[in-house]
Amino acid sequence: QVQLVESGGGLVQPGGSLRLSCAASGSIFSFDAMGWYRQAPGKQRELVAQIITTGGNTNYVDSVKGRFTISRDNVKNTVYLQMNSLKPEDTAVYYCNAHTIRRITTTNYWGQGTQVTVSS
C-alpha cells in the first residue's frame, strides 16, 4: 500500500518561506512523477509543481515560477517543495501526488494534505 506523508505546512507572513516534505513509503522511482497540488476554498485543485523521478525534469504553474522549487532526495524517498516569497494567494491545502502510467492506465496516489496559510 502506497503512503505519502506530508509535513511542513503552517502559518507564515507574506514574503516568508516554507518547505513542504512528502515522504513516500517506498522508492520514489516506483513512480513516474511526483508533484504538489493545491486547493484553495471554492477553487479547483491545481498542479503547482511536478518532478519526473527519473531524470529530474521539473515544471511549474506560472504563478509560482521563480518562487517555488521542487526537488527530490532519492535516499530518503522524499520530495520537497521550497516556497519563497509567499503571497496571500498561495494560501491553500497542499497535496502531495505521485503517479504511474502503465500502458493507458494512470494511477494516482495522494497524501492527506497540509494547510499553508499566508497572512499578516
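Start by selecting Asp90 and Lys87: the side chain of Asp90 reaches the backbone nitrogen of Lys87 at 2.8 Å. That is a polar contact, meaning a pair of N or O atoms within 3.5 Å; within protein, one must be able to donate a hydrogen and the other to accept it, and residues adjacent in sequence count only if both atoms are side-chain atoms. Before you go on, know that this is a predicted model, where local features need pLDDT of at least 70, side-chain atom pairs count only at pLDDT 80 or more, and totals for chains, interfaces and linings use all residues. Residues are numbered from 1 along each chain as its sequence is written, and side-chain values use heavy atoms, with hydrogens and water left out.

Stay on Asp90 for a moment. Asp90 sits in the loop between strand 8 (78-83) and strand 9 (92-102). Strands here are DSSP runs of E with at least two residues, numbered from the N terminus. Is Asp90 buried or exposed? With a relative accessible area of 1%, Asp90 is buried; the cut-offs are under 20% for buried, over 50% for exposed and partly exposed in between, using a 1.4 Å probe and protein chains only. Now show what surrounds Asp90: Arg38, Arg67, Phe68, Ser85, Val116 and Val118 touch Asp90, not counting residues up to four places away in sequence. Contact means heavy atoms within 4.5 Å.

Two strands pair if DSSP finds at least two bridges between them.

Zoom in on strands 7 and 8, which run antiparallel and are joined by six bridges. Pick Thr69 and you'll find Gln82 of strand 8 opposite. Move to Asp73, whose bridge partner in strand 8 is Thr78. The two strands form a hairpin with four residues between them, and Asn77 in the turn has a positive phi of about 50°.

**The disulfide**

Now select Cys22 and Cys96. A search of the whole structure finds one disulfide, and this is where to see it: Cys22 is joined to Cys96, S to S 2.0 Å. The cut-off for a disulfide is a pair of cysteine sulfur atoms within 2.5 Å. The torsion about the S-S bond of this pair is about -80°, so the disulfide is left-handed. Cys22 lies in strand 3 (residues 18-24) and Cys96 in strand 9, so the pair ties together parts that are 74 residues apart in sequence. Both cysteines, Cys22 and Cys96, are buried.

From Cys96, hop to Gly111, which touches Leu4, Glu6, Tyr95 and Cys96, again leaving out residues up to four places away in sequence. You'll find Gly111 in the loop between strand 10 (105-110) and strand 11 (114-118). Gly111 is buried, at a relative accessible area of 12%.

How many aromatic pairs does a search of the whole structure find? Two. Rings of Phe, Tyr and Trp (its six-membered ring) pair if their centres lie within 6.5 Å; planes under 30 degrees apart count as stacked, over 60 as edge-to-face and the rest as tilted.

Select Phe31 and Tyr109: their ring centres are 5.7 Å apart and their planes at 55°, so the pair is tilted. Phe31 lies in the loop between strand 3 and strand 4 (33-39) and Tyr109 in strand 10, so this pair ties together parts that are 78 residues apart in sequence. Phe31 is buried at 4% relative accessibility, whereas Tyr109 is partly exposed at 26%.

Then try Tyr37 and Trp110, with ring centres 5.0 Å apart and planes at 70°, so the pair is edge-to-face. Tyr37 counts as buried at 19% relative accessibility, while Trp110 is partly exposed at 37%.

**Last stop**

Finish at Thr53, in the loop between strand 5 (46-52) and strand 6 (58-60). Thr53 is buried, at 2% relative accessibility. Leaving aside neighbours within four places in sequence, the contacts of Thr53 include Phe31, Asp32 and Arg72.
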